[in-house]
Amino acid sequence: MKAALVRGKGQTPVYGDFAEPVAEAGERLVHVTAAALSPLVRARASGAHYSSSGQFPFVAGVDGAGRLDDGRRVVFLLPRPPFGAMAERTVVPEERCVAIPDGLDDATAAAMANPGMSSWAAFVERAKLKTGETVLINGATGAAGRLAVPIAKYLGAKKVIATGRNEAVLRSLAAVGADVTIPLSQDGDALETRLKEEFAAGVDVVLDYLWGPSAQTMLIAAAKAGRDGVPIRVVQIGSIGGAEISLPGAVLRSTAIELMGSGIGSVSLERLLAAVESVLQAAVPGKFTVATQQVPLSDVERAWSSDDAAGRIVFTV
C-alpha cells in the first residue's frame with residue numbers, strides 16, 4: 001500500500017510503499033480518508049517528541065479519519081506501530097475508534113480531532129473549568145488555539161482573553177468568542193503591563209500553547225498582579241515558542257499559580273479519547289470550525305514543511 005514513510009530521525013516523510021496492515025484480535029482495519037498534519041505529528045516523525053519510539057521505518061501520522069469494513073465513519077487515534085495515519089490503510093485498537101457524527105465531513109473531523117482534544121482535555125481533565133470563569137489562551141492564533149476560543153465559551157467560560165502574534169487572525173477571534181485580544185508582537189515590558197491588567201481583573205485558567213518567552217512573561221505578570229490567594233490554573237500544552245523558560249522561584253511563592261501540563265501521559269489515553277468524542281459531538285451544535293488545506297497524500301514531501309496560516313493541512317487518501 002502507499003504511505004508517508006519516515007526512514008530516519010529528522011528525515012522528511014516520503015511517499016512510498018509499505019507493508020499491508022493486518023488487523024489482530026481487538027483491532028480494526030481502517031480505510032483512511034484523511035489525516036491531519038499537526039505539531040504533534042511533526043514532532044513524533046522527527047523523533048523530537050517525548051512519546052516518539054525511535055524505531056524506523058514507520059508510517060507518519062497519529063490520528064485521522066476513515067471507514068471501517070462495515071462502512072462506519074470514524075476518527076481513530078494512535079494506530080499500532082509501525083503503522084500510522086498517513087496511509088491508505090492502518091490498524092487501530094477498536095477502543096481508539098470514535099464515531100464521526102452526521103453533519104461533519106471526514107477532512108474536518110480529521111483536522112479538528114487533535115487540536116480540539118488538546119483544549120477540551122486541558123479544560124475538562126486538568127483545569128476543571130467552571131461556568132462563569134475567565135480564561136486566557138496564550139497562542140490563540142494557531143489551529144489549536146483558535147479552536148480553543150469557542151470551546152472555552154461552549155464549556156461555560158464567561159470571558160476569553162486571546163494572545164497571539166498573527167494580528168489579523170487575532171482580530172478575527174472576536175467572531176468566535178474572544179472578548180479581549182493581546183498581540184504578542186509588542187515589546188516585553190509593554191506585554192507584561194498589558195497582561196498584568198488582565199490578571200488584576202481576574203484570570204482563573206490559562207491554556208499555554210507556546211511556552212518560551214511569552215509564557216515566561218505571562219507567568220511573571222500573573223505573579224505580580226494575580227489576586228492574593230486566588231488560584232490561577234495554568235495548563236501547559238505546546239512549546240512552539242520555545243522548549244524552556246527561566247522562571248524565578250518567587251513566581252510560584254508569591255501567587256497561587258497551579259502549573260500543570262496536558263497531553264499524552266498527563267491525561268490517560270481513555271480520557272483523551274473521551275475528549276475527542278466530546279469535541280466531535282459538540283462541533284455541529286457548538287458551530288466549531290477549522291480551516292483546512294486538503295492535499296493529496298502523494299504530495300506529503302512537498303507539503304510537510306508548509307505552515308497552517310491558511311488552515312490545517314489535511315492529507316487526503
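Reader: Why is Val149 called buried?

Author: This is a predicted model, and the value is computed from it. Val149 has 0% relative accessibility. Buried means under 20%. Val149 therefore counts as buried.

Reader: Where is Val149 found, and what does Val149 touch?

Author: Val149 is found in helix 3. Not counting residues up to four places away in sequence, Val149 touches Ile137, Ala140, Val160, Leu173, Val176, Gly177 and Ala178. Take Val176 from that list. Val149 and Val176 are 27 residues apart in sequence. In space they are 6.7 Å apart, C-alpha to C-alpha.

Reader: Glu198 is a charged residue. What makes Glu198 count as buried or exposed?

Author: The cut-off decides again. Glu198 has a relative accessible area of 6%. Under 20% is buried, and over 50% is exposed. So Glu198 is buried. Glu198 is found in helix 5, residues 188-201. Leaving aside neighbours within four places in sequence, Glu198 is in contact with Lys159, Ile161, Val180, Ile182 and Val203.

Reader: Why are helix 2 and helix 3 called oblique?

Author: Their axes cross at roughly 50°. That value lies between the limits of 35 and 65 degrees. Helix 2 and helix 3 are therefore oblique to each other. The axes come within 9 Å. The crossing is right-handed.

Reader: What makes up the contact of helix 2 with helix 3?

Author: From helix 2, the residues are Met112, Pro115, Gly116, Ser118, Ser119, Trp120 and Phe123. In helix 3 they meet Ala143, Ala144, Leu147, Ala148, Ile151, Ala152 and Tyr154. By class, the contact has eleven nonpolar, three polar and no charged residues.

Reader: And what word describes helix 2 against helix 8?

Author: The axes of helix 2 and helix 8 come within 8 Å and cross at roughly 115°. Angles of 65 to 115 degrees count as roughly perpendicular. Helix 2 and helix 8 are therefore roughly perpendicular to each other. This crossing is right-handed. The residues of the contact divide into 13 nonpolar, two polar and two charged.

Reader: How do you know that the span of helix 8 agrees with its number of residues?

Author: Helix 8 has 15 residues, 269-283. The expected span is 1.5 Å times one less than the number of residues. So helix 8 should span 21 Å. Its end C-alpha atoms are 21 Å apart, which agrees.

Reader: Which residues of helix 8 are buried, and what covers them?

Author: Leu272, Leu273, Ala274, Ala275, Val276, Val279, Leu280, Ala282 and Ala283 are buried. The cover includes strand 6 (73-77), strand 8 (97-99), helix 2 (106-127) and helix 3 (143-154).

Key
Residues are numbered from 1 along each chain as its sequence is written. This is a predicted model: local features need pLDDT of at least 70, side-chain atom pairs count only at pLDDT 80 or more; totals for chains, interfaces and linings use all residues. Side-chain values use heavy atoms; hydrogens and water are left out. Helices (H or I, at least four residues) and strands (E, at least two) are DSSP runs, numbered from the N terminus. Buried means under 20% relative accessible area, exposed over 50%, partly exposed in between (1.4 Å probe, protein chains only). Contact means heavy atoms within 4.5 Å. Axes are lines fitted to C-alpha atoms, for helices over the stretch in contact, and angles run from 0 to 180 degrees between N-to-C directions. Angles under 35 degrees count as roughly parallel, over 145 as roughly antiparallel, 65 to 115 as roughly perpendicular and the rest as oblique. A crossing is left-handed if the near helix is turned anticlockwise from the far one by less than a right angle, and right-handed if clockwise.
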